[in-house]
Amino acid sequence: MKISIIGTGYVGLVTGACLAEMGNNVLCLDVDPRKIDILNKGGIPIYEPGLEDMVKRNVAAGRLAFTTDIQASVAHGTLQFIAVGTPPDEDGSADLQYVVAAARNIGRHMADYKVVVDKSTVPVGTADRVREAIREELQQRGAQIDYSVVSNPEFLKEGAAVEDFMRPDRVVIGADDERALTLMRSLYQPFQRNHERIITMDVRSAELTKYAANAMLATRISFMNELANLAEVMGADIEHVRKGIGSDPRIGYHFLYPGVGYGGSCFPKDVQALQRTASENGIDLHVLNAVERVNDAQKFRVLNKLESHFDGDLAGHHFALWGLAFKPNTDDMREAPSLVIIRGLLARGATVTAYDPIATDEAQRILGGLEGVRYASSPMHALEGADALVIVTEWKEFRSPDFPGIKAALKHPLVIDGRNMYDPALVRSFGLEYDAIGRK
């Protein structure tokens with residue numbers, strides 16, 4: 001099948017590469033010439049395990065190409081995937097200007113039947129806006145051309161996106177006509193050889209499904225963070241509690257890990273966008289309001305712990321930070337807890353040396369030349385001159401550290417673990433003071 005992907009960000013590039021991997025002819029469009037230049041030179045503008053090799057393989061096979069030519073992109077694919085960004089607007093709602101602009105470009109240049117697929121995470125009712133934008137452009141041209149608008153939300157985890165796309169646990173398709181649904185079923189047939197994974201529904205239900213999924217996962221995280229804070233006060237161990245409730249098949253273990261709060265490109269903006277959508281429809285989502293408040297507060301948990309260990313005064317102290325990305329296996333720094341922690345330490349008169357195996361360049365881009373922040377080339381290098389170690393991201397290379405080396409390097413033998421990576425007894429056996437989230 002001939003497919004056009006509009007947007008070469010995280011969702012667009014993964015979608016395009018994976019569809020090409022299954023033999024489709026894919027053309028990816030982006031209006032940013034820098035991104036297209038990187039892709040045409042054999043690089044990729046984001047970090048995602050396995051993606052670069054897949055892109056190179058399919059470019060070499062002639063199944064995947066990149067362009068800034070809007071007209072060529074519209075002409076190429078019967079299926080037009082809109083995978084542009086939907087950043088939060090000032091009021092928390094999703095900014096749909098790029099989605100609508102993409103739809104208008106399709107209507108402006110299309111010459112035959114198109115299935116326009118909303119792949120971006122968009123509020124309920126966006127398909128109507130896309131449909132109307134295309135209709136207006138066709139009307140201005142005096143053209144009568146059939147088209148369909150479909151919702152096909154993505155369910156990709158950063159750091160495992162390629163695997164998630166190639167072996168999906170479900171494929172949600174919201175369509176209102178059989179012609180579009182038949183084409184979408186055909187597209188995804190190779191991804192469900194073992195058993196049926198396609199779930200079909202109306203467009204509005206598909207749009208809401210994506211927000212509902214992310215809101216539920218965010219809720220589980222905030223719920224566990226609140227319980228972890230309670231466990232600390234009561235002398236319980238949240239890790240034991242997690243195992244106790246996770247063993248219930250009605251609950252399960254996924255997203256029951258307390259820490260320093262969620263971040264990234266999806267959960268924060270999607271929770272806010274769903275709240276805004278509900279408010280516009282006269283509904284107050286009390287649970288999600290609490291989820292967001294808990295998450296915002298949790299990002300300060302590490303700062304509160306440090307202040308308690310240093311008599312409420314962090315001025316003049318220097319701290320090592322392990323982890324900058326909002327989660328492992330990505331360089332994504334959007335809404336990362338590390339940014340709150342770093343800025344909080346600087347505001348309190350402290351300085352920081354940070355290490356991350358992937359996200360350092362992105363952190364430097366966001367923080368600029370912020371005075372008081374340095375970056376290390378290794379985890380142990382970050383400890384030089386530090387009063388204590390703070391762990392923010394659970395990268396694999398942090399799982400079995402040199403505890404005697406950590407103790408020798410730190411001025412105070414203190415580890416604040418924002419991800420509960422270690423057995424407290426083990427860490428303390430090396431003479432280190434260990435303070436985690438909700439651990440006894």
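Start with what is buried in α5: Val99, Val100, Ala102, Ala103, Asn105, Ile106 and Gly107. Keep in mind that this is a predicted model. The helix α5 covers residues 97-109, which is 13 residues. From the first C-alpha of α5 to the last, the reach is 18 Å, close to the 18 Å expected at 1.5 Å a residue.

What covers those buried residues of α5? The cover includes strands β1 (2-6), β4 (79-82) and β5 (114-118). It also includes helices α4 (70-76) and α6 (126-141).

Next, the helix pair. Two packed helices are described by the angle between their axes and the distance between the axes. For α9 (residues 203-234) and α10 (residues 238-246), the angle is about 135° and the axes are 9 Å apart. Angles over 145 degrees would count as roughly antiparallel, and 65 to 115 as roughly perpendicular. So α9 and α10 are oblique to each other. The crossing of α9 and α10 is right-handed.

Which residues meet there? From α9, we have Met224, Leu227, Ala228 and Ala231. They meet Ile238, Arg242 and Ile245 of α10.

Now the cores. The largest nonpolar core has 50 residues. Those with the most contacts inside it are Leu306, Leu321, Trp322, Leu345, Leu389, Ile406 and Tyr422. Take Leu321. Leaving out residues up to four places away in sequence, Leu321 touches Ser338, Ile341, Ile342, Val352, Thr353, Ala354, Tyr355, Val390 and Val392. A second core is separate and has 43 residues, including Val26, Cys28, Ile173 and Met184.

Note on methods. Residues are numbered from 1 along each chain as its sequence is written. This is a predicted model: local features need pLDDT of at least 70, side-chain atom pairs count only at pLDDT 80 or more; totals for chains, interfaces and linings use all residues. Side-chain values use heavy atoms; hydrogens and water are left out. A nonpolar core is a set of buried Ala, Val, Leu, Ile, Met, Phe, Trp, Tyr and Cys residues joined through side-chain atoms within 4.5 Å. Buried means under 20% relative accessible area, exposed over 50%, partly exposed in between (1.4 Å probe, protein chains only). Contact means heavy atoms within 4.5 Å. Helices (H or I, at least four residues) and strands (E, at least two) are DSSP runs, numbered from the N terminus. The expected span of a helix is 1.5 Å times one less than its number of residues. Axes are lines fitted to C-alpha atoms, for helices over the stretch in contact, and angles run from 0 to 180 degrees between N-to-C directions. Angles under 35 degrees count as roughly parallel, over 145 as roughly antiparallel, 65 to 115 as roughly perpendicular and the rest as oblique. A crossing is left-handed if the near helix is turned anticlockwise from the far one by less than a right angle, and right-handed if clockwise.
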